[in-house]
Amino acid sequence: MNATPATTEVLRTDHRRAVTAIWDTHRHDSTDLPPGGAGGLHHHHYGTGPYDPAVLEAPAPDRGRRIVNELHRLESSQADLLLDHLGPLPADARAVDAGSGLGGTAFMAHQRWGCSVDGVTISEYQADFANRQAAERGVADRVRFHFRTMLDTGFATGSRQALWTNESTMYVDLDEAFTEFARVLAPGGRYVCVTGCSDDVTGGRSRAVSRIDSHYSCNIHPRSAYFAALAAHGLVPITVTDLTARTIPYWELRLRSSLATGIEPAFLTAYGEGSFHYLLIVADRI
């Protein structure tokens, strides 16, 4: 990657460069949906809901593909759940996907409501990939992706009616992030967060949580840190849902798939021992 002024500014810390390196090396990874699969959507987050056990009983030549397709279905199901709590939004609403990855949830939001969506990601590859997808879908005038940090989006104050993060807040300082989100959101605007977080009592001493942290070069925040930072920045929680039980089947299935990377036992252990939680938090900007 050439060190352009934009690259130098966005990737100005060692941590950001380390995180970007992870996602840039996944550009050809099999975790990306093949074209046409599940509507051609590409996700970089995990899934929720029960899986169809029939995929495990499929004949060997077809079993692997069916398991992967089922995992992707659960990932889209998770994104649908997030959007259920974000909207409905009018077609003239403007939304932000902070940590937009390859754009899957942004396209789903636009398809559902017709709203415009701006995604931000510190991976230049992801931004370019998602913008190509937007052009291919004929929505480039309404869904755009930017090579920026969510801590400094560049969007005008009070200019957005909705904003979400989907498994991206563990890469940033919560106070810095929520300061920016509160600035960008108009009064009455909605923020939805799906995240993994550690248990305040047991998470800090869990080897499984430490393993997840290390694997993704992230900094998993305690559950209480989210609510303290939201309150400090005028973001009032209205719904909190523990999705832990709903995401465990995803990890059980992924453990038996070609997408397994070795981190699956750490997630299952952390969820099982109660040191790690998978939360959906809905907050309104006052």
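Which side chain of opposite charge is nearest to Asp 213, and how many Å away is it? Keep that one in mind as you go through the views of this predicted model.

**View 1. Here's the whole protein, before we zoom in.** The chain has 286 residues, and 56% of them count as buried. Its fold is built with ten helices and seven strands. Now take the contacts between residues at least 6 apart in sequence: 78% of these join residues at least 24 apart.

**View 2. Asp 213 is a buried charge without a salt bridge.** Back to the opening question: the nearest side chain of opposite charge belongs to Arg 211, and it is 11 Å away. You'll find Asp 213 in helix H7, which covers residues 207-216. What does the side chain of Asp 213 reach at 2.8 Å? That would be the backbone nitrogen of Ile 220. Leaving out residues up to four places away in sequence, Asp 213 touches Cys 218, Asn 219 and Ile 220.

**View 3. This one shows the largest nonpolar core, a set of 58 residues.** Four residues have the most contacts inside this core: Trp 164, Ile 212, Tyr 216 and Phe 267. Helix H3 (residues 60-86) supplies the largest share of the core, with nine residues. There's also a second, separate core, this time of 24 residues, and Val 96, Ala 98, Ala 177 and Cys 193 are among them.

**View 4. Ser 76 sits in helix H3.** Is Ser 76 buried or exposed? Its relative accessible area is 10%, and buried means under 20%, so Ser 76 counts as buried. Who does Ser 76 touch, if you skip residues up to four places away in sequence? The partners are Leu 41, His 43 and Met 108.

**View 5. Strand S2 (residues 116-121) is largely enclosed by the rest of the structure.** Why can we say that S2 is largely enclosed? Because six of its six residues are buried. In a regular strand, side chains alternate between the two faces of the sheet. For S2, both faces are covered. One side has Ser 116, Asp 118 and Val 120, the other has Val 117, Gly 119 and Thr 121, and all of these are buried.

**View 6. Strands S1 and S2 run parallel.** S1 spans residues 94-98, and five bridges join S1 to S2. If you want a spot to look for, Ala 95 in this view stands opposite Val 117 in S2.

Methods: Residues are numbered from 1 along each chain as its sequence is written. This is a predicted model: local features need pLDDT of at least 70, side-chain atom pairs count only at pLDDT 80 or more; totals for chains, interfaces and linings use all residues. Side-chain values use heavy atoms; hydrogens and water are left out. Helices (H or I, at least four residues) and strands (E, at least two) are DSSP runs, numbered from the N terminus. Buried means under 20% relative accessible area, exposed over 50%, partly exposed in between (1.4 Å probe, protein chains only). Lys and Arg count as positive and Asp and Glu as negative; His and the chain ends are not counted. A salt bridge is a side-chain nitrogen of Lys or Arg within 4 Å of a carboxyl oxygen of Asp or Glu. A polar contact is a pair of N or O atoms within 3.5 Å; within protein, one must be able to donate a hydrogen and the other to accept it, and residues adjacent in sequence count only if both atoms are side-chain atoms. Contact means heavy atoms within 4.5 Å. A nonpolar core is a set of buried Ala, Val, Leu, Ile, Met, Phe, Trp, Tyr and Cys residues joined through side-chain atoms within 4.5 Å. Two strands pair if DSSP finds at least two bridges between them.
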